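Please look through the sequence and the 3D structure shown below before reading on.

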Amino acid sequence: MTVAADALMAAPPRKLTRHSMTTRAVIYGLLIVFAIVYLMPLVVMVMTSLKPLQEITGGNMFYLPHDLTFEPWKKAWGTACVGLTCAGIKGYVWNSVRMVIPAVLVSSLLGALNGYVLTKWRFPGHKLVFGMMLFACFIPFQSVLIPMATILGKLGGIGQTLIDATGYSFGFGDPTVNLVLVHVVYGLGFTTLFFRNYYETFPTELVRAAQIDGAGFFQIFRRILLPNSAPIFIVTVIYQFTNIWNDFLFGSTFAAGDSSPMTVALYNIVNTSTGVIEYNVNMAAAIIAAAPTLVVYVLAGRYFVRGLMAGAVKG
Amino acid sequence: MATVIDPIVAHAVQSPHLNIKDRLRDWIPRLVLAPSFALILIFVYGFNLWTLVISFTNSKAFTNFNFIGWANYAKLWSWTFQTDPPSNWYTALVNMVLFGGLYVVFCLVLGLALAILLDQKIRGEGILRPLYLYPLALSFIVTGTAWKLLLDPGIGLEKAVHDLGWTSFHFDWVVDPRMMIYCVAIAGIWQTSGFVMAMFLAALRGIDSEILKAAQIDGASAYATYRRIIIPIMRPVFMSALIILTHMAIKSYDLVLSVTGKNPGGAAELPSTFMYSYTFTRNQMGVGSASAVVMLMTIAAIMVPYLYSELREKP
């Protein structure tokens, strides 16, 4: 599918029947109308975040801001109330960053090693192993929540014992560490899938030649496969980053309160039941939550789409 | 040089008198894969089994092992037909059919339409295409926040249409318990249809242009070409998209909560939210886990044959 995805991104439109001027006008018209519909929510979000509250409740959401203000952004970042603490979302952005970086790196690296073994060092039953790992991508996470909560509770108990004994928990029971663990485990299926399909097309002769020259398992991986893996690493890192940053179910279940990731904080800000609804602050917070993945999309859309396609269809 | 070394190495590898170091080297690939596979075995298969076991107990707020047979499933089964007043499970199933049906059908139709329109030698495709795809980079919580604002009758679409002069226009679905689920579907379609478009577009670009040229020479109209040649060729992609969308619909969770604002009164209940609330807030973990098992079985029934056929294609 990566080849097809590249063909899609390269866009060499095929020659079809020549259309009349009216047909072309209709095609462009429809495409532009759709583009406007798809863009509208984002545009409205940005405009709303830049308006004072009375302009939102009294005015029209599709009008440009009359009294442009950046106060909602400052408030969302620094002083908005999430639950009972009113320190804005900056702490939660940091929570997400601390969670997403190790989770992405570990799951991608493990996926690379798994893909390497499953293509270049095959053993009897490799297909079953891969199939079982692949199914893990698609389970509804509801079916693992209860055992996960129990196990993470046990880890918290170990952490408490360690604190009593040594004064330090060594990461046991830390919500961020827990989320990293969860995201690594449930990301492994996809990262393995990506690297397996990529290494499948990598010439096995090169690996065999290096083997004959006396190179070992890790040496071949480091010297031959890794230097040629940049594209698939980018795809995998982007895919994992987007998924983990955007996760809500695990974040809301296993990291409550001040340790929750950005998506959970945004949900709590928007759905607070106290006080006036500050639409502008909500939208500023939503854009901040969306910004990292949107920036990645704008900078590396090609790899982003490739990841999506590879995640849906086997290569 | 390599040809000289080759037989020697081959001999060494095949020699029955392997020392411990050599034997260890043979096991390295499996040892590298083992931790990942063990994690998947425990956290996916073990945990699913654990949830299955809990579904046969009368676990309340905490897990216990008082087995009560099929009672939790019997409860779900009787709730399936409890329509007046509707049980939460009945509401969840009805909403699942409504939301899932609309989501899958509209994503497929819109995705195919956009892909066909974009495939007509469009100028500026590079600008248009990313606009249909960017929602995929967003978190469902952000999407939900945006659409909740957009559809809000007080300040959103309804208000804007009133400002245009059509004051009898009425659109308050997002705050109407009976219509909320349709708003969830709208937001979901907005988010995912671009993905289907990308899948179809990649497939369209992958079609052999010789076939199309032949059709053109035979005087087939553009419509006939699509109807008779292109769409039938794309049937496998269509199946893939259908399966991926169905599985995403069943797993939808964050979107319901964020579009409806905490799913007030369970009006937009889906099996995923049903499971969560019965397990973590209503203290009926036995019933919650039974519903999780139902979700898992449904997804397995869809995904296992799909993955099996995808894996079997390649040697």
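## The disulfide and other cysteines

A disulfide is counted here as a pair of cysteine sulfur atoms within 2.5 Å. In general terms, a disulfide is a covalent bond between the sulfur atoms of two cysteines. This is a predicted model, in which local features need pLDDT of at least 70 and side-chain atom pairs count only at pLDDT 80 or more, while totals for chains, interfaces and linings use all residues. Residues are numbered from 1 along each chain as its sequence is written, chains are lettered from A and ligands numbered from 1 in the order in which they are written, and side-chain values use heavy atoms, with hydrogens and water left out.

Over all chains the structure holds 1 disulfide, and it is formed by C81(A) and C86(A), whose sulfur atoms are 1.8 Å apart. The torsion about the S-S bond of C81(A) and C86(A) is about 100°, so this disulfide is right-handed. Residues are called buried under 20% relative accessible area, exposed over 50%, and partly exposed in between, using a 1.4 Å probe and protein chains only. On that scale C81(A) is partly exposed at 38%, and C86(A) is partly exposed at 41%.

Other cysteines can be described in the same terms. C137(A) counts as buried, with a relative accessibility of 4%, and C183(B) counts as buried at 0%.

## Where the two chains meet

With contact taken to mean heavy atoms within 4.5 Å, 104 residues of chain B are in contact with 101 residues of chain A. The area buried between chain B and chain A is about 9,900 Å², and carbon and sulfur atoms give 74% of this area. Buried area is the accessible area (1.4 Å probe) that two parts lose on being put together, summed over both.

Between chain B and chain A there are 23 residue pairs in polar contact, both residues being at pLDDT 80 or more. A polar contact is a pair of N or O atoms within 3.5 Å; within protein, one must be able to donate a hydrogen and the other to accept it, and residues adjacent in sequence count only if both atoms are side-chain atoms. Helix α2 of chain B (residues 20-54) gives the most to the side of chain B that touches chain A, namely 18 residues. Helices are DSSP runs of H or I with at least four residues, strands are DSSP runs of E with at least two, and both are numbered from the N terminus.

## Salt bridges

A salt bridge is a side-chain nitrogen of Lys or Arg within 4 Å of a carboxyl oxygen of Asp or Glu. A search of the whole structure finds 10 salt bridges over all chains, although the count between chain B and chain A is 0.

One of the salt bridges joins K75(A) and E278(A), with the closest N and O atoms 2.8 Å apart. This pair links distant parts of the chain, 203 residues apart, since K75(A) lies in helix α4 (residues 71-78) of chain A and E278(A) in the loop between α13 (262-270) and α14 (279-312) of chain A. K75(A) is partly exposed, with a relative accessible area of 28%, and E278(A) is partly exposed with a value of 28%.

In chain B, D176(B) forms a salt bridge with R178(B), the closest N and O atoms being 3.8 Å apart. D176(B) is buried at 17%, whereas R178(B) counts as exposed at 68%.

## Two buried serines

S55(B) is placed in the loop between α2 and α3 (71-80) of chain B and is buried, with a relative accessible area of 0%. The side chain of S55(B) reaches the backbone oxygen of L52(B) at 2.5 Å. Not counting residues up to four places away in sequence, S55(B) touches several residues, including N72(B), Y73(B) and S289(B).

S272(B) lies in helix α13 (residues 271-280) of chain B, and at 0% relative accessibility it counts as buried. Leaving aside residues up to four places away in sequence, S272(B) touches Q142(A), I250(B), S252(B), Y253(B) and M295(B).
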